[in-house]
Amino acid sequence: MYYIIILIIIITFVIYIIEYAIKAATSSGNTAIAVRGAKSACFITQRRPADRLVDSSSLTNIYRITDSIGTLMIGYPPDIRAQVDRVRYEANEFQYNNGYPVPVHVLAKRIADICQVYTQEASSRAMCVMMLLVGVDDEKGAQVFKVDPAGHYLPYKAVATGKSEPEAMNFLEKKVDELGEMDEAKTVEMAISAMQHVLSTDFKSSEIEIAVVTAGNKFRKLETDEIEDRLNAIAEASDN
């Protein structure tokens, strides 16, 4: 009986740790959205300097992992840096051992397994990071994954995380029938439209970050003028 009580206490403690980690990761005020099209996937988030004196060009939530995989993370900056290093290590280790780039679904499972281990070791804690992974591979095409501090991971047609997750998910659910036929430009525009819906306002190209990966092309972040082109296309479509 004594051991059962101890076990229940430990399980309850772990559950609270995970709950606090997820809350800490999503309480930064940022919202991140990922969208999967026919042969491309992209994600978008706000560019929010913690201090007005900080050079905003030095801050990012989007990181390249391989030529065909990128990640967007929100949460505690120190945990994000550590997690990015680990994801890159696992991707490089896979390619070294197998001789070909890691598929995004394999990488997502591996990182989720590591996150789950963090919840059961006395010498570690759950990372306060919500992770979105996008990638393209020959086996499954364009893919979007979400990995949380507990080690849950799932593929999505479109997904959001952060402050305004419910509003973004509600918007994307209404557009789900359109996602499978979108090209790269339409995929980016869908992500921007979702962010505009969440914020209930227009924004400048310098106030958001967008990255995209398409079959046959490398993962890349969009430049400000490219984002401006997509904003103009959305504005023209709404006028018509």
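Arg-230 counts as partly exposed, since its relative accessibility is 23% and the partly exposed class lies between buried (under 20% relative accessible area) and exposed (over 50%), taken with a 1.4 Å probe on protein chains only. The structure is a predicted model, in which local features need pLDDT of at least 70 and side-chain atom pairs count only at pLDDT 80 or more, while totals for chains, interfaces and linings use all residues. Residues are numbered from 1 along each chain as its sequence is written, and side-chain values use heavy atoms, with hydrogens and water left out.

The partner of Arg-230 comes next. The side chain of Arg-230 meets that of Glu-189 in a salt bridge, with 3.0 Å from N to O; the term stands for a side-chain nitrogen of Lys or Arg within 4 Å of a carboxyl oxygen of Asp or Glu. This pair links distant parts of the chain, as Glu-189 lies in helix α6 (residues 184-199) and Arg-230 in helix α7 (residues 224-239), 41 residues apart. Helices (H or I, at least four residues) and strands (E, at least two) are DSSP runs, numbered from the N terminus. Glu-189 counts as buried because its relative accessibility is 11%.

A search of the whole structure finds eleven salt bridges. Among them, Glu-90 and Arg-110 meet through their side chains at 3.0 Å, N to O. Here too the pair links distant parts of the chain, with Glu-90 in helix α2 and Arg-110 in helix α3, 20 residues apart. Glu-90 has a relative accessibility of 9% and therefore counts as buried, whereas Arg-110, at 39%, is partly exposed. Another salt bridge joins the side chains of Arg-64 and Asp-67, at 2.7 Å from N to O. Both ends of this pair are partly exposed: Arg-64 has 41% relative accessibility, and Asp-67 has 37%.

Which residues of α3 are buried? They are Val-104, His-105, Leu-107, Ala-108, Ile-111, Ala-112, Ile-114, Cys-115 and Tyr-118. The buried residues of α3 pack against helix α2 (77-98) and against β3 (62-66), β4 (69-75), β5 (129-137), β6 (141-147) and β7 (153-155), where contact means heavy atoms within 4.5 Å.
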